[in-house]
Amino acid sequence: MKLADRAELICTEKGKEGCCGITGVTGKFRTVRTGDELQLGKEDTLFRLPPPMLHGRDSMFTLHKRRIRSSYRTTGFGQHLASSFRFDEDVCSLIGYDCDTVMDEAAKYYANILMPFGGVILKKIEELQKLHIEIKMIAPSHGMIWKDPGKIIDAYLKWASGESKQKVLVIYDTMWNSTESMAQEIVRGVSDLGVEVSLLSPSQNRMERDK
């Protein structure tokens, strides 16, 4: 800000507080709230939707509007996933990846970072829906870009609402395989009921790694 003395820093009020209070930055600030727009040219408009505490108190969603409303840049909807591709659908073409990989990583990201803020997430998605803005694409701060935003938005609505499905995880350890036999029988019984079930053995996993 000292070097670019004519620059204007656009951020939320919390972002300004952080910059000034933590780093001591001074200069020209413009703070934005939900619905504020920034004209970049005849066809380019940035629309703001701050979601406080979604990963950081200074977080801000940015909607880029052109002839078609194209992208939604946000801290939410991300994944801790790196790829040579840009879009979620392209990850399916990677060797060893399946089409659930990006969604699985998005679920981990949500569970590890955003789960405590389910109420805020529901509120912000509701605000977005009330604006009746068609979202063509979601570009998270990190992770793959969603070309089908409805898929991840629906998932966030379910996760934030605490919606879950019946699942059973059978965890066992064994020395002479007797406990393993019992665990497998439990898995068979649960599967016969039509419930999703997974089998996990720490010792078996170690043995597989040792091989």
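**Helix packing, a salt bridge and a surface patch**

Modeller: The crossing of helix 3 and helix 5 is right-handed. Please bear in mind that this is a predicted model.

Colleague: How are helix 3 and helix 5 oriented to each other?

Modeller: Two packed helices are described by the angle between their axes and the distance between the axes. For helix 3 (residues 101-114) and helix 5 (residues 149-160), the axes come within 11 Å and cross at roughly 40 degrees. Angles under 35 degrees count as roughly parallel and 65 to 115 as roughly perpendicular. Helix 3 and helix 5 are therefore oblique.

Colleague: Which residues of helix 4 and helix 5 make their contact?

Modeller: The axes of helix 4 (residues 118-130) and helix 5 come within 9 Å, crossing at roughly 140 degrees. This crossing is left-handed. The contact is made by I153, Y156, L157 and A160 of helix 5, together with G118, I121, L122, I125 and Q129 of helix 4.

Colleague: How far apart are the closest N and O atoms of the salt bridge between E8 and R30?

Modeller: Side chains of opposite charge can pair when their charged atoms come close. E8 lies in strand 1 (residues 8-11) and R30 in strand 2 (residues 28-31), so that the pair links distant parts of the chain, 22 residues apart. A salt bridge requires a side-chain nitrogen within 4 Å of a carboxyl oxygen. In the pair of E8 and R30, the closest N and O atoms are separated by 2.9 Å.

Colleague: Which residues make the nonpolar surface patch?

Modeller: The patch covers about 270 Å². One of its residues, L169, is placed in strand 8 (residues 167-171). The patch is made by L169, I171 and L200.

Methods: Residues numbered from 1 in each chain as written. Predicted model: local features only at pLDDT ≥ 70, side-chain atom pairs only at ≥ 80, totals over all residues. Heavy atoms only, no water. Patch = residues over 30% accessible without salt bridge, like charges linked within 9 Å, V, L, I, M, F, W, Y side chains within 5 Å. Areas by Shrake-Rupley, 256 points an atom, 1.4 Å probe, with all protein chains shown as cover. Helix = DSSP H or I, 4+ residues; strand = E, 2+ residues; numbered from the N terminus. Axes fitted to C-alpha atoms, helices over the stretch in contact; angles between N-to-C directions. Parallel < 35°, antiparallel > 145°, perpendicular 65-115°, else oblique. Left-handed = near helix turned anticlockwise from the far one by under 90°. Contact = heavy atoms within 4.5 Å.
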